[in-house]
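Dear colleague,

I would be grateful if you could read the notes after it with the coordinates open.

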Amino acid sequence: MTKIKEVIVVEGKDDTKQILKAVDADTYETNGSALDESDLARLKKLQASRGLIVFTDPDFNGERLRKMISQAIPGVQHAFIRRDQGVPTEAHGSLGVEHADPDTIKASLAHLYTEAPDEPVIFSSKDLQQAGMTGSAKSRQRRERLGQILGIGYGNGKQLVRRLNMFRISPEQFAQAVNQIDQEEENE
């Protein structure tokens with residue numbers, strides 16, 4: 001499966017699961033229709049480094065998110081499914097990308113994405129442990145501060161590794177941020 005360079009913006013975890021059945025891509029979950037300034041800042045950063053494809057549900061909230069992102073971040077691309085392609089198979093559930101079949105998702109993305117060259121994974125959980133981001137009493141605080149400094153938001157250890165790689169943070173940027181955190185802790 002070809003890795004997609006652009007990050008796909010979706011509303012939730014179920015959308016991500018369904019997208020990953022169809023394509024190899026990184027997703028950014030907005031967690032529903034809530035989108036704040038920090039989300040927009042992170043999305044701007046991703047648009048600048050990798051490009052964005054907005055793939056929200058074909059409903060009112062999905063369209064609302066799409067418009068908010070488009071207005072704040074010029075140049076994003078958009079993938080769509082028709083309403084009839086996102087109908088849940090069960091009697092309950094809401095209309096959405098999470099109900100589209102993988103072939104529909106592939107077809108929706110086919111003309112939008114760029115193939116990403118195979119890039120090595122730069123960060124692992126070992127890097128976080130060595131930097132004091134996991135395994136110590138201050139780890140959570142250090143991860144929060146790292147996310148602030150790098151502009152990638154907070155994540156637990158596993159999420160942070162994913163974000164460091166998704167945002168393409170360089171080892172140098174990581175080291176500078178860790179040094180800044182170390183200095184701040186020394187000055188407390």
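The notes below cover a buried arginine, the nonpolar cores and a pair of helices. Please bear in mind that this is a predicted model.

Arg-50 lies in the loop that connects helix H2 (37-49) to strand S3 (52-54). Its relative accessibility is 3%, so Arg-50 counts as buried, the cut-off being under 20%. The side chain of Arg-50 forms a polar contact with the side chain of Asp-26 at 2.7 Å, and it also reaches the backbone oxygen of Lys-5 at 2.9 Å. Beyond four places in sequence, the residues that Arg-50 touches include Ile-4, Val-7, Met-166 and Arg-168.

The largest nonpolar core comprises 30 residues, and those touching the most other members are Leu-43, Leu-52, Ile-69, Leu-146, Leu-164, Ile-169 and Phe-174. Two or more residues come from each of strand S1 (3-10), H2, S3, helix H3 (60-72), helix H6 (139-150), helix H7 (157-166) and helix H8 (171-186). Leaving aside neighbours within four places in sequence, Phe-174 contacts Leu-146, Leu-164 and Ile-169, among others. A separate, second core has 16 residues, among them Phe-55, Ile-105, Leu-109 and Leu-112.

Helix H1 (residues 13-22) and helix H4 (residues 102-109) have axes that come within 8 Å and cross at roughly 80°; H1 and H4 are therefore roughly perpendicular. H1 contributes Gln-18, Ile-19, Lys-21 and Ala-22 to the contact, and H4 contributes Pro-102, Ile-105 and Lys-106. By class, four of these residues are nonpolar, one is polar and two are charged.

With kind regards

Conventions
Residues are numbered from 1 along each chain as its sequence is written. This is a predicted model: local features need pLDDT of at least 70, side-chain atom pairs count only at pLDDT 80 or more; totals for chains, interfaces and linings use all residues. Side-chain values use heavy atoms; hydrogens and water are left out. Helices (H or I, at least four residues) and strands (E, at least two) are DSSP runs, numbered from the N terminus. Buried means under 20% relative accessible area, exposed over 50%, partly exposed in between (1.4 Å probe, protein chains only). A polar contact is a pair of N or O atoms within 3.5 Å; within protein, one must be able to donate a hydrogen and the other to accept it, and residues adjacent in sequence count only if both atoms are side-chain atoms. Contact means heavy atoms within 4.5 Å. A nonpolar core is a set of buried Ala, Val, Leu, Ile, Met, Phe, Trp, Tyr and Cys residues joined through side-chain atoms within 4.5 Å. Axes are lines fitted to C-alpha atoms, for helices over the stretch in contact, and angles run from 0 to 180 degrees between N-to-C directions. Angles under 35 degrees count as roughly parallel, over 145 as roughly antiparallel, 65 to 115 as roughly perpendicular and the rest as oblique. Ala, Val, Leu, Ile, Met, Phe, Trp, Tyr, Cys and Pro count as nonpolar, Asp, Glu, Lys and Arg as charged, and the others, Gly among them, as polar.
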